[in-house]
Amino acid sequence: MLDYNGKNEIIFHFNKKHLEDSNIPMWVIKTKGQTFYVHHVDVSPNVGFSTKETPDNPTTKGSIKIKGELKIYNLDDKIYAEIS
């Protein structure tokens, strides 16, 4: 398990490649210069978020930006994320 203690900027968005192949993780999470491809994201109640629009980006036009603590773990050969 990877644990990013403290409040970090976490950005996540839908992975369009998942539409072509359902074995590819549905979500992309970025924090501290690292990218994770995850199958499921749990966000604790009362964690605020904002949106990040990137209209000039050829692939991702927008994403969700959260300040929180991120935990990434592997369960049954699938990657999961928790944000609190």
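This is a predicted model: local features need pLDDT of at least 70, side-chain atom pairs count only at pLDDT 80 or more; totals for chains, interfaces and linings use all residues.
View 1. The strands concerned are strand 4, residues 40-43, and strand 7. They pair in the parallel sense, over four bridges. Val-41 and Ala-81 are also among the residues with the most contacts inside the largest nonpolar core.

**View 2. Strand 6 against strand 7.** Here the pairing is antiparallel and runs over six bridges. Lys-71 stands opposite Glu-82 in strand 7. Two residues lie between the strands of this hairpin. Within the hairpin, Asp-76 takes a positive phi near 55°.

**View 3. The largest nonpolar core.** This core has 13 residues. Those with the most contacts inside it include Ile-29, Val-38, Leu-70, Ile-72 and Ile-83. At least two core residues come from each of strand 1 (2-14), strand 3 (34-38), strand 6 (62-75) and strand 7 (78-83).

**View 4. His-18 in its loop.** His-18 is found between strand 1 and strand 2 (27-31). Its relative accessible area is 16%, so His-18 counts as buried. Beyond residues up to four places away in sequence, His-18 touches Ile-24, Pro-25 and Met-26.

Terms used
Residues are numbered from 1 along each chain as its sequence is written. Side-chain values use heavy atoms; hydrogens and water are left out. A nonpolar core is a set of buried Ala, Val, Leu, Ile, Met, Phe, Trp, Tyr and Cys residues joined through side-chain atoms within 4.5 Å. Buried means under 20% relative accessible area, exposed over 50%, partly exposed in between (1.4 Å probe, protein chains only). Contact means heavy atoms within 4.5 Å. Two strands pair if DSSP finds at least two bridges between them.
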